[in-house]
Amino acid sequence: LHRRQAAASTGDVIGFLSFRNRAYNLDVPLWFIVVLLERPAPMHMPKQISSSYMNERGERTFLAKTFLFEIIVIATNVIGNYALKRGLVGVAIVESFSPFAYVHAMAHPWVASGIVLLICWLGSRLALLSWADLTYVVPVTSVSYALTAVAAAVFLGEAITVRQWVGILCITGGAFLVGVTFPNTTELPEEAR
Amino acid sequence: MTALLVLLTVIPGSIGDLLTAAGMKRHGEIKDWSGRGLLRLGRELARSPNIIVGIVCMAVAFFAMMALFSTTPLSFAAPVTAASNILDTIFAKYLLREDVEWHRWTGVSLVAIGIALISM
């Protein structure tokens, strides 16, 4: 795929892709994003996805579309959760079951934009699920957990512990492994052909 | 109480994922990205029982998870949310008939371990 042919420059880029967290004097390498963006194309297309459905060009478009939606799902999740968290810290809901506390919190701009982004997350995830397997979508979009930890380090100044780095490594490796499989392994419904 | 919250987090979460995936699979790949097409899609999805019940299940799981996080230590609550990844995979394999080969099993297990480690 064209977007993956830039692999030669990856090594040069990695060195620059790190944020310095001033509060903790900590380098936050973002190598795992590069690993995920540069993963190789899926190894094989299952036989049941017949060639009548997809020629080579169709397959390329299909994979590019899947990749684009993965990024939208991950980004809206991470940014939406960040906005929500930031807004809710500002509002400081008193622990109560009063609905007024929630309505009041929703009026906060950070909370409102968080909710809008999470609605976008739900929509893009549903769209992705319309053509990709659940066992593909769930692990691949779990990168958002890793990015949330990194976002907390970069923007909120929270430290990332060694254990969390191991977790980020596991998530990246897992998402990479799933990402090299073909997104769809089930027979497509008639009307989708 | 805690056990109930764990069950309410994991099981409706996975059932919600399963139902929304089934609903979208039944609809088929979205191809019409025009405003009118998306409007029609929205109307169709709003009438689909799979999607409605699926989203309600996801909401139940979300609020149960919030309650779990506020009543138990994080080191207990976090691995619980990772377990739903594994349950999702089992549901998808046996109910959605997805072809879950070793890449995906290994991948989803690594991701589950990673989520547990990262949020503990």
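Colleague: What does B:Asp17 touch, not counting residues up to four places away in sequence?
Modeller: B:Asp17 touches A:Arg125, A:Leu134, A:Val138, B:Met58 and B:Asp88. Contact here means heavy atoms within 4.5 Å.

Colleague: Before we go on, what sort of model is it, and how is it numbered?
Modeller: This is a predicted model, in which local features need pLDDT of at least 70 and side-chain atom pairs count only at pLDDT 80 or more, while totals for chains, interfaces and linings use all residues. Residues are numbered from 1 along each chain as its sequence is written, chains are lettered from A and ligands numbered from 1 in the order in which they are written, and side-chain values use heavy atoms, with hydrogens and water left out.

Colleague: Back to B:Asp17. Where is it, and is it buried or exposed?
Modeller: B:Asp17 is in helix H1 of chain B. Helices are DSSP runs of H or I with at least four residues, strands are runs of E with at least two, and both are numbered from the N terminus. B:Asp17 counts as buried because its relative accessibility is 10%. Buried means under 20% relative accessible area, exposed means over 50%, and partly exposed lies in between (1.4 Å probe, protein chains only).

Colleague: Which residue forms a salt bridge with B:Asp17?
Modeller: A:Arg125 does, with the closest N and O atoms 3.2 Å apart. A:Arg125 lies in helix H5 of chain A and B:Asp17 in helix H1 (residues 2-27) of chain B, so the pair joins two chains. A salt bridge is a side-chain nitrogen of Lys or Arg within 4 Å of a carboxyl oxygen of Asp or Glu. Side chains of opposite charge can pair when their charged atoms come close.

Colleague: And A:Arg125, buried or exposed?
Modeller: Buried, with a relative accessible area of 8%.

Colleague: What about B:Lys25, which residue of chain A does its side chain meet?
Modeller: It meets A:Asp133 in a salt bridge (3.4 Å, N to O). B:Lys25 lies in helix H1 of chain B and A:Asp133 in the loop between H5 and H6 of chain A, so this pair also joins two chains. Both B:Lys25 and A:Asp133 are buried.

Colleague: Which residue of chain B forms a salt bridge with B:Lys25?
Modeller: B:Glu98, at 2.7 Å between the closest N and O atoms. That pair links distant parts of the chain, 73 residues apart, with B:Glu98 in the loop between H4 and H5 of chain B and B:Lys25 in helix H1. B:Glu98 is buried at 3% relative accessible area, and B:Lys25 is buried at 16%. Salt bridges that share partners join A:Asp133, B:Lys25, B:Glu98 and B:Arg104 into one network.

Colleague: Now the whole interface. How many residues are in contact, and how much area is buried?
Modeller: On chain A, 47 residues are in contact with 41 residues of chain B. The area buried between them is about 3,500 Å², and carbon and sulfur atoms give 69% of that. Buried area is the accessible area (1.4 Å probe) that two parts lose on being put together, summed over both.

Colleague: Which residues of chain A lose the most area to chain B?
Modeller: A:Leu126, A:Leu134 and A:Thr135, together 17% of what that side buries.

Colleague: Change of topic. How many helices and strands are in chain B?
Modeller: Chain B has five helices and zero strands. Its C-alpha trace spans about 45 × 35 × 25 Å along the principal axes. Of the 120 residues in chain B, 48% are buried. Among its contacts between residues at least 6 apart in sequence, 73% join residues at least 24 apart.

Colleague: One last residue. What is phi of B:Arg97, and where does that residue lie?
Modeller: Phi of B:Arg97 is near 60°, a positive value in a residue other than glycine. Most residues other than glycine have a negative phi. B:Arg97 lies in the loop between helix H4 (74-94) and helix H5 (102-119) of chain B. It is exposed, with a relative accessible area of 64%.
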